[in-house]
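Before reading on, take a moment to turn the model in your viewer and follow the chain from one end to the other.

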Amino acid sequence: LTAHPAVDATCTGPGNSAYWSCACGKFFSDAEGTVEIGENSWVIPATGHKLTAHLAVAATCTEPGNSAYWSCACGKFFSDAEGTVEIGENSWLIPATGHAYGQPTYHWEKEGEDWKCTAMRVCGNNASHEESETVTATGVEKVPATCIDVGEMRYTATFENLMFEQQTKDVEVPATGHQYENGICTFCGKVNPAEAVASINRNGNPMYFVSIEAAWAAAVDGDTITLLEDCTIADYMSLGDRSQTVDLNGNKLTGAAAATPAIQLDKANTALAIEDSVGGGELISQMSAIGITADNTSLTISGGKVSGGFTNATTIVTSGRTSNIVITGHSEIVGNSISGCISIQDPDVTLTLSGNAKLVSPTGCGICTSSGDGSPGEPAGGIKIFIKDSAVVDAAEYFVGASMSECFQIENETLANN
């Protein structure tokens with residue numbers, strides 16, 4: 001007998017139970033040959049595939065998916081539930097789709113002293129999938145801020161994620177404001193209006209000064225210097241080759257020099273006007289308050305008090321030819337020494353007192369004329385003196401000078417009678 005060991009049936013192949021065969025053509029189920037069996041009775045049919053279903057899974061941005069497939073314990077795989085179409089292992093895999101990011105958006109936010117920029121992009125396949133990065137921007141001054149003008153900083157945000165583009169943002173920087181020291185801004189040189197003693201309003205643009213000398217130096221032809229506080233002229237001020245107005249504005253302007261007039265008209269064809277817009281203002285000088293040394297000049301005093309002569313000098317003195325002096329309004333000229341209020345030392349000078357103007361000199365003369373060489377008493381030719389309206393001369397001596405009547409045209413009845 002020839003032994004045939006048992007063989008298990010598989011999914012696709014038959015098996016067999018153990019059996020023995022003889023060369024005589026007979027088959028037995030036992031090794032002793034006592035139980036004869038029919039041919040092929042030992043055959044065990046193929047079992048067929050026992051399939052396990054695997055459902056289809058959609059691929060995501062980051063995870064692969066798969067199509068539906070079936071697997072058998074025998075290690076084979078099929079695309080159908082009947083197991084008729086065999087497929088290769090992993091052929092059912094569907095790769096991850098990857099993200100479908102849209103265009104990045106950028107958002108700026110100030111945090112303390114820093115500017116931060118956040119970049120973000122969102123996946124079109126799944127809105128819960130997003131990428132973002134926040135960076136602190138670096139700032140560079142683009143336009144420096146000044147005391148009165150705003151500046152500008154440019155901030156630049158640079159991202160590590162190469163999908164995010166570099167961003168810039170321009171930010172306005174507030175004006176620094178003036179930093180005053182001794183009334184003057186240490187950055188721009190502007191004067192603190194609260195500490196200014198004088199101002200010039202030129203074409204609607206006010207300028208402020210911490211000294212009358214500074215205002216005087218800055219003035220141009222046609223300017224009006226307005227006093228804002230009492231102030232002192234350390235030496236003297238020359239009008240130069242311009243014409244201008246000084247508004248006492250209710251304040252006191254003091255000339256401290258003992259040897260020179262506080263204000264000098266020393267260039268021809270110039271004009272000085274003294275006014276007092278609010279009343280109570282005064283120009284006061286140890287010596288003469290105003291000295292006229294140039295020809296063809298004009299002096300108009302329409303308000304305030306002009307007082308001088310504490311050092312035995314005339315309050316207003318002129319040695320310039322063809323000068324024109326007008327004292328009008330409620331102005332008052334005070335002479336504090338025997339030299340009196342007004343001294344005319346050269347010819348061709350016209351003096352007009354009008355309105356409610358007043359010349360006051362308790363110990364001296366109201367108006368004094370002298371010869372061309374300065375000696376008193378002789379009239380300087382061509383002098384004209386007009387006294388009008390309610391003008392008043394209140395002096396120890398009204399007029400000093402030989403033949404003064406030749407100079408006068410009096411339209412004031414009180415003075416005419418005296």
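In which sense do β7 and strand β9 (residues 69-72) pair, and over how many bridges? The two run antiparallel to each other and are joined over 4 bridges, where strands are DSSP runs of E with at least two residues, numbered from the N terminus, as helices are, which are runs of H or I with at least four residues, and where two strands pair if DSSP finds at least two bridges between them. Within this pair, T52 lies opposite S71 of β9.

This is a predicted model, in which local features need pLDDT of at least 70 and side-chain atom pairs count only at pLDDT 80 or more, while totals for chains, interfaces and linings use all residues. Residues are numbered from 1 along each chain as its sequence is written, and side-chain values use heavy atoms, with hydrogens and water left out.

The pair described above belongs to an open sheet of 4 strands, which follow one another in the order β7-β9-β10-β11 with antiparallel pairing. At its edges are β7 (51-54) and β11 (86-87), each of which pairs on one side only.

Strand β16 is hardly covered, since the count of buried residues among its 6 residues is 0; buried means under 20% relative accessible area, exposed means over 50%, and partly exposed lies in between (1.4 Å probe, protein chains only).

N40, in the loop between β5 (36-37) and β6 (43-44), has a phi near 70 degrees, a positive value in a residue other than glycine, and N40 is partly exposed, with a relative accessible area of 47%. N269, in the loop between β28 (263-265) and β29 (271-275), has a positive phi of about 60 degrees although it is not a glycine, and N269 is exposed, at a relative accessible area of 56%.

Now consider the whole protein, which has 2 helices and 42 strands. Its radius of gyration is 58 Å, well over the 22 Å that the globule rule gives for 418 residues, so the protein is more spread out than a compact globule; the radius is taken over C-alpha atoms, and the rule is 2.2 Å times the number of residues to the power 0.38. Along the principal axes, the C-alpha atoms fill a box of roughly 190 × 35 × 30 Å. Of the 418 residues, 38% count as buried.
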